[in-house]
Amino acid sequence: SVRGAWRYAGGMGDTLSTLVDEAATRAPESIAIRIDDDELTYADFHRQVVRAAGALAGHGVGPASRVGLSAGNSVEFAVAVFATLRLGATAVMISTSWRDNEVAHAIGLTDPTHFVHDGSGATDLGTATARPVLRVADLAGDEPHDTAPATVDPDDVAVMVFSSGTT
């Protein structure tokens with residue numbers, strides 16, 4: 001199980017929602033994420049995740065939410081994913097390369113309550129749905145938020161991912 005793998009890999013927590021907190025405590029100056037020339041330590045990643053979680057919570061995201069995430073590979077995208085998980089919400093991955101009908105199909109299957117995107121991709125999520133839509137940049141915010149990780153059951157769905165079946 002994934003839970004067992006996290007414990008085995010270094011004693012990390014029971015759920016993904018607490019993983020960032022524990023890693024920031026254990027190894028704050030270690031590199032948490034590196035994409036091209038952009039990198040963050042666990043301490044910096046934790047700060048950004050907490051801030052983004054506060055921004056999402058301010059828009060009504062919580063444990064019963066499903067957040068559609070559509071962004072290219074970036075540190076900001078990773079922050080958005082872990083901020084969603086921190087709130088106990090489910091991250092629904094919406095590919096930026098999908099055509100409008102593919103996005104509509106994924107939305108129909110998963111019924112996200114909110115969307116976060118980076119502006120790339122074919123679909124304008126603001127017109128495709130009546131749900132709240134935020135840009136990744138909106139999650140940075142100016143004010144720090146103290147958003148504790150939600151209590152989640154290890155069997156709750158954390159992420160919904162679609163695949164073409166060829167990966």
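Predicted model: local features only at pLDDT ≥ 70, side-chain atom pairs only at ≥ 80, totals over all residues.
Before you start clicking, here is the general idea: oppositely charged side chains can pair up when their charged atoms come close. In this structure, the count comes to four salt bridges. We'll visit some of them, including the one between R86 and D21.

**Stop one: R86 and D21**

Select R86 and D21 and show their side chains. They form a salt bridge, with the closest N and O atoms 2.6 Å apart. Now colour the helices: R86 belongs to helix α4 (residues 75–86), while D21 is in helix α2 (residues 16–26). The two are 65 residues apart, so this pair links distant parts of the chain.

**Stop two: R34 and E39**

Next, pick R34 and E39. Their side chains meet in a salt bridge, 2.7 Å from N to O. Keep the surface on for this one. R34 counts as exposed because its relative accessibility is 53%, and the cut-off for exposed is over 50%. E39 has a relative accessible area of 39%, so E39 is partly exposed.

**Stop three: D44 and R47**

Finally, move to helix α3 (residues 42–58) and select D44 and R47. What separates D44 and R47 along helix α3? They are three residues apart, which means about one helical turn lies between them. The two form a salt bridge whose closest N and O atoms are 2.3 Å apart. D44 is partly exposed, with a relative accessible area of 28%, whereas R47, at 51% relative accessibility, counts as exposed.

Notes
Residues numbered from 1 in each chain as written. Heavy atoms only, no water. Helix = DSSP H or I, 4+ residues; strand = E, 2+ residues; numbered from the N terminus. Buried < 20%, exposed > 50% of the residue type's maximum accessible area, 1.4 Å probe, protein only.
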